[in-house]
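Reader: Could we go through this structure together? I would like to ask about it piece by piece.

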Amino acid sequence: MKRGIILMNLGSPDSPEVKDVRRYLAEFLMDERVIDYPYLFRFLLVKGIIVPFRAPRSAEAYKSIWSKEGSPLIVFTKQLQETLQKQIAEPVEIAMRYGNPAPQKAYENLLKRNSALEEVILMPLYPHYAMSSYETAVEYMKEVHKKNGYSFKLTTVGPYYNNEDYIHALSESIRPYLQDDFDKLLFSYHGVPERHILKGDITRNHCLKSPDCCEIASPAHKYCYRHQCFKTTALVTHELQIPREKFELSFQSRLGRDKWLSPYTAQRLGELPKEGVKKLAIACPAFVSDCLETLEEIAKEGKEIFLHAGGESFTMIPCLNTHPLWVSALAKLLPPSPKAE
């Protein structure tokens, strides 16, 4: 079968200029799976309040991490594409849920490389299932595929938060940063509103019903971002043999006043030094590529909060990016190509 691969990530503005950031934020925040309010209210909130106030501030944040090659997220995703391409025979392209390169461009690039394309494997670069990341990426790719009437089949790789090869790659990428003495390892995941967790509960009676709901087996876990973050953390700390008192989990990037998954990373960074945690290491496993949320929100703002609160050392652990074990794991996550008869 003639196949192609698409690696899909979140996206980035075309430049750190306010106009491009404004356009990107509007596309991102108008997504009904990100801000899941009725259209009119979402339109007024996003276009009338959030984007006008947030765009200039976000533009400054992007400028602080922008490189001569461009947006780190795009750069790292392209490097991942190039590295993976060296390991597999099928053509590999990239797409972004918001911004460029758009899904249609990725599809068309694959068709240019092989006009007889029979199947496209979509690999969302989100280890965990969330309606505002994995789900919206997959549904958008399906929508573009259907709208353009492509004859090739679209197959999607599922979340891999507990995949053995992914966990091993993540653990080994973290290990070198724990060689120096540390008081605690903080796993900071991207936050989501609690209502997203409740919406995704297919049982309608499990998620957030008890403090230990993520530890109790349930069909709801297939779509539960919170459970999957907990599971990744448990598997990695088990592999690295980190005792329970030396790690914790929190959620970052809260937007608005709604109740989001807690504890909040920014709040914990201000509290930890008062609890005796002076040497902190921090990893962000919700992201496989370093981006604004890791390079600016955590490595810059987060570090400042922690040190200002009395912390002494702050070690930001890079995302997987193009770690060799991650590239190998990615290749294994792709469904095997059918053998020619």
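Author: The answers below concern a predicted model, and they take up helices, loops and a surface patch in turn.

Reader: Let us start with α11. How many residues does helix α11 have, and how far does it reach?

Author: Helix α11 covers residues 297–308, which is 12 residues. From its first C-alpha to its last it reaches 15 Å, close to the 16 Å expected at 1.5 Å a residue.

Reader: Which residues of α11 are buried?

Author: They are Ile298, Gly302 and Phe306. Seen down the axis of α11, these buried residues fall within an arc of 40°, so they line one face of the helix.

Reader: And which exposed residues does the face turned away from the buried side carry?

Author: That face of α11 carries Glu304 and His308.

Reader: What covers the buried residues of α11?

Author: The cover includes the strands β5 (184–190), β6 (247–252), β7 (279–283) and β8 (313–316), together with the helices α9 (265–271) and α10 (292–295).

Reader: What follows α11?

Author: Gly310 follows α11, and its phi is positive, near 115°.

Reader: Moving to α5, which of its residues are buried?

Author: Helix α5 spans residues 131–147, and its buried residues are Met131, Ser132, Ser133, Tyr134, Thr136, Ala137, Val138, Met141, Val144 and His145.

Reader: What do they pack against?

Author: The buried residues of α5 pack against the strands β1 (3–12), β2 (92–99), β3 (119–124) and β4 (153–156), and against the helices α4 (103–113) and α7 (194–199). Just after α5, Gly149 takes a positive phi of about 60°.

Reader: Which residues other than glycine have a positive phi?

Author: Arg204 is one of them, with phi near 65°. Gln241 is another, with a positive phi of about 55°.

Reader: Where are they, and are they buried or exposed?

Author: Arg204 is found in the loop between α7 and α8 (225–240). Its relative accessibility is 58%, so Arg204 counts as exposed, the cut-off being over 50%. Gln241 has its place in the loop between α8 and β6, and at 70% relative accessibility Gln241 also counts as exposed.

Reader: What about Gly191: buried or exposed?

Author: Gly191 counts as buried because its relative accessibility is 3%, where buried means under 20%. Gly191 is placed in the loop between β5 and α7.

Reader: What does Gly191 touch?

Author: Leaving aside residues up to four places away in sequence, Gly191 touches Phe251, Gln252 and Trp260. As for Asn114, 77 residues apart from Gly191 along the chain, the two C-alpha atoms are separated by 39 Å.

Reader: Finally, the surface. Which residues form a nonpolar patch there?

Author: Tyr39, Leu40, Phe43 and Leu44 form such a patch, with about 430 Å² of accessible area together.

Reader: Where does Phe43 lie, and how is its accessibility classed?

Author: Phe43 lies in helix α2 (residues 39–65). At 31% relative accessibility, Phe43 counts as partly exposed.

How values were computed
Residues are numbered from 1 along each chain as its sequence is written. This is a predicted model: local features need pLDDT of at least 70, side-chain atom pairs count only at pLDDT 80 or more; totals for chains, interfaces and linings use all residues. Side-chain values use heavy atoms; hydrogens and water are left out. Patches are made of residues with over 30% relative accessible area and no salt bridge: like charges are joined within 9 Å, nonpolar side chains (Val, Leu, Ile, Met, Phe, Trp, Tyr) within 5 Å. Accessible areas come from the Shrake-Rupley method with a 1.4 Å probe; for residues, only the protein chains shown count as cover. A salt bridge is a side-chain nitrogen of Lys or Arg within 4 Å of a carboxyl oxygen of Asp or Glu. Helices (H or I, at least four residues) and strands (E, at least two) are DSSP runs, numbered from the N terminus. Buried means under 20% relative accessible area, exposed over 50%, partly exposed in between (1.4 Å probe, protein chains only). The expected span of a helix is 1.5 Å times one less than its number of residues. The arc is that of the directions from the helix axis to the C-beta atoms. Contact means heavy atoms within 4.5 Å.
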